[in-house]
Amino acid sequence: MERLVVVSEYELQRSSMVKILKKSFYNRDTALVAQELLGKIIVRIIDQDTPLKGRIVETEAYIGSWDKACHAHKGKRVANAPLFGPVGHAYVYFIYGMYYCLNFVSRTTQEPSGGVLIRAMEPIDGLEYMQHKRHTTKLHNLTSGPGKLTKALSITTVQNGVNLMQQGELYVLDAPKIDPKNIVVTTRVGISKAADEKLRFYIKDNPFVSKK
DNA sequence: CACCCGATTATCT
DNA sequence: GATAATCGGGTGT
């Protein structure tokens, strides 16, 4: 069978009626970006024929200079360098000796660093792959936590620094904005410093959120 | 170089 | 509700 028409990646993107989030989205206040990432679509390409997709339902903002819970708080290191790098790129770190956490670098030009932790997503495509990786078939437990989500999507430090704004192994699609009335704003999970800051955001009543 | 502990989760009791 | 699993970076000797 002969392929008669070559469609550019740009056309493919337009024809599917979705846009990849670009720099202007990420280059804003980290807390606002965390809130507006709710509902957006993460695309993870491992096998071109079966893209993995999920809808973000829970995030947390970590804002470099003043936020004592942020990995970048004490300054730039090799390990946290992506937080100081260009927005719209991934920051992936290894935690507790066995899990990976996925962040999207985001900040205003006034801040030296910042990122949004992706805490949970609603699985959309590639469920079979995710279920295999997670050793469970229960959808509500597949990607309802930062460590679960990276496991389901096979995201490790290999993806650290990946550009999320171009079609590749990991990128993010735009989607309708969630009504702020349906967003819960509360304190972040699992931290001891700056524990009172309300920088956690999740979609109200969504069963794929990590906790209630 | 020893020690501590963390943006977690699965698996107990 | 409590805890084990497991390890790299940060801190201090």
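Reader: Which residue forms a salt bridge with Asp174?
Author: The closest N and O atoms of the pair are 3.3 Å apart, and a salt bridge is here a side-chain nitrogen of Lys or Arg within 4 Å of a carboxyl oxygen of Asp or Glu. This is a predicted model, in which local features need pLDDT of at least 70 and side-chain atom pairs count only at pLDDT 80 or more, while totals for chains, interfaces and linings use all residues, and side-chain values use heavy atoms, leaving out hydrogens and water. Residues are numbered from 1 along each chain as its sequence is written, whereas chains are lettered from A and ligands numbered from 1 in the order in which they are written. The partner of Asp174 is Lys40.

Reader: How many residues apart in sequence are the parts that Asp174 and Lys40 tie together?
Author: Helices (H or I, at least four residues) and strands (E, at least two) are DSSP runs numbered from the N terminus. Asp174 lies in the loop between strand S6 (170-173) and strand S7 (183-186), and Lys40 in the loop between helix H3 (30-36) and strand S1 (41-44), so the sequence distance between the tied parts is 134 residues.

Reader: Is Lys40 buried or exposed?
Author: Buried means under 20% relative accessible area, exposed over 50%, and partly exposed in between, with a 1.4 Å probe and protein chains only. Asp174 has 35% and is partly exposed, whereas Lys40, with a relative accessible area of 4%, is buried.

Reader: Which residues belong to the network of salt bridges that includes Glu58?
Author: Glu58 pairs with Arg200, the closest N and O atoms being 2.8 Å apart. Glu58 sits in strand S2 (residues 52-63) and Arg200 in strand S8 (residues 200-203), 142 residues apart. Salt bridges that share partners make one network of Glu58, Glu60, Arg119 and Arg200.

Reader: What share of the atoms of DNA strand B that come within 4 Å of the protein is sugar and phosphate?
Author: A residue is near a strand if one of its heavy atoms lies within 4 Å of it. Of the 18 residues around DNA strand B, those that come nearest are His71, Tyr93, Tyr99, Asn103 and Arg134. The sugar and phosphate share of those DNA atoms is 49%.

Reader: Which element gives the most residues to the surface near DNA strand B?
Author: A backbone N or O atom of Gly147 lies 2.8 Å from a phosphate oxygen of DNA strand B. The elements giving two or more residues to this surface are S3 (90-95), S4 (99-105), S5 (114-125) and H7 (146-152). With 3 residues, the element that gives the most is H7.

Terms used. Polar contact = N/O pair within 3.5 Å; in protein donor to acceptor, adjacent residues only side chain to side chain.
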